[in-house]
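Please look through the structure below before reading the numbered points. They are meant for someone who has not seen it before.

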Amino acid sequence: MQADQDPNAAALERLDLLAGEWEVEAFGISGPLACEWILDGQFLLQRSEAPDPVPDSNSIIGVAEDGESFVQHYFDSRGIVRTYAMTLADGIWTLLRDKPDFSPLDFYQRFEGKISDDGKTINGRWEKSDDGKNWELDFPLSYTRVK
């Protein structure tokens, strides 16, 4: 199918902002994160590596059923598997886990990252909640584009 005939083309084009190589910093620890297109450009694969105690992870991002938002399927070296609802619009990247998926919902999670105007940095924070209403900071993290 040609790109101009792909019903997901506009959403996938927005995801291109994340494609490339990044350095991610959290807990005073940094490591590489690479985002690359896979399966004929229909999905974005994120691969991250970090020193202990931060787990290595892979995520696959695809367009959600509404054709505007995204779904992120997350897997890490601890054996954790999760699914996040994701948006990427107006310089803000969000992820939300508010229902059980491949693992029980022991707590709610959300992420919000502010993307710099030049697209070279993303400053964000993960938050957690026991009830989905009262949120607290889990940890801040930042992304810096390397390539």
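1. The model is predicted, so local features need pLDDT of at least 70 and side-chain atom pairs count only at pLDDT 80 or more, while totals for chains, interfaces and linings use all residues. Residues are numbered from 1 along each chain as its sequence is written, and side-chain values use heavy atoms, with hydrogens and water left out.

2. Start with the fold. Ten strands make a closed barrel in the order E1-E2-E3-E4-E5-E6-E7-E8-E9-E10, and the pairing is antiparallel. Neighbouring strands of this sheet are turned against each other by 25° on average, direction ignored. Strands here are DSSP runs (E, at least two residues), numbered from the N terminus, and two of them pair if DSSP finds at least two bridges between them. The angles are taken between axes, which are lines fitted to C-alpha atoms, and run from 0 to 180 degrees between N-to-C directions.

3. Strand E3 (residues 43-48) runs antiparallel to E2 and is joined to it by six bridges; Ile 38 has Phe 43 in E3 as its bridge partner. E2 and E3 form a hairpin with four residues between them, and Leu 39 in the turn has a positive phi of about 50°. On the way to strand E4 (residues 57-63), E3 pairs in the antiparallel sense over five bridges.

4. One more pair is worth checking. Strand E5 (residues 70-76) and strand E6 (residues 81-89) are antiparallel and share six bridges. Gln 72 stands opposite Tyr 84 in E6.

5. What lies nearest the centre of the largest pocket? Val 54, Ser 57, Tyr 74, Trp 126 and Phe 139 do, from a lining of 35 residues. The pocket holds about 720 Å³ of space. Its lining divides into 20 nonpolar, eight polar and seven charged residues, and strand E2 (residues 29-38) gives the most to it, with five residues. A pocket here is an open set of points on a 1 Å grid over the protein atoms alone, where a 1.4 Å probe fits, with protein on both sides within 12 Å along at least five of seven lines; lining residues have an atom within 4 Å of a point. Grid points are joined across faces, edges and corners, and the volume is the space filled by probe spheres set on the points. For the lining classes, Ala, Val, Leu, Ile, Met, Phe, Trp, Tyr, Cys and Pro count as nonpolar, Asp, Glu, Lys and Arg as charged, and the others, Gly among them, as polar.

6. How many salt bridges are there? The count comes to six, where a salt bridge is a side-chain nitrogen of Lys or Arg within 4 Å of a carboxyl oxygen of Asp or Glu. Side chains of opposite charge can pair when their charged atoms come close. Arg 97 pairs in this way with Asp 101, with the closest N and O atoms 2.8 Å apart. Arg 97 counts as buried at 1% relative accessibility, whereas Asp 101 is partly exposed at 27%. Buried means under 20% relative accessible area, exposed over 50%, and partly exposed in between (1.4 Å probe, protein chains only).

7. Arg 110, Arg 125 and Glu 127 are linked in a network of salt bridges. Between Glu 127 and Arg 110 the closest N and O atoms are 2.5 Å apart. That pair links distant parts of the chain, with Glu 127 in strand E9 (residues 121-129) and Arg 110 in strand E8 (residues 108-115), 17 residues apart. Glu 127 also meets Arg 125 at 3.0 Å, N to O. Glu 127 is buried at 14% relative accessibility, while Arg 110 is partly exposed at 31% and Arg 125 is partly exposed at 37%.

8. Last, the backbone. Most residues other than glycine have a negative phi, and most peptide bonds are trans. The peptide bond from Asp 52 to Pro 53 is cis, with omega near 10°, and Pro 53 sits in the loop between E3 and E4. Asp 40, in the loop between E2 and E3, has a positive phi of about 60° although it is not a glycine; Asp 40 is exposed at 80% relative accessibility. Asp 90 has a positive phi near 55° and lies in the loop between E6 and strand E7 (92-97). Asp 90 is exposed, with a relative accessible area of 80%.
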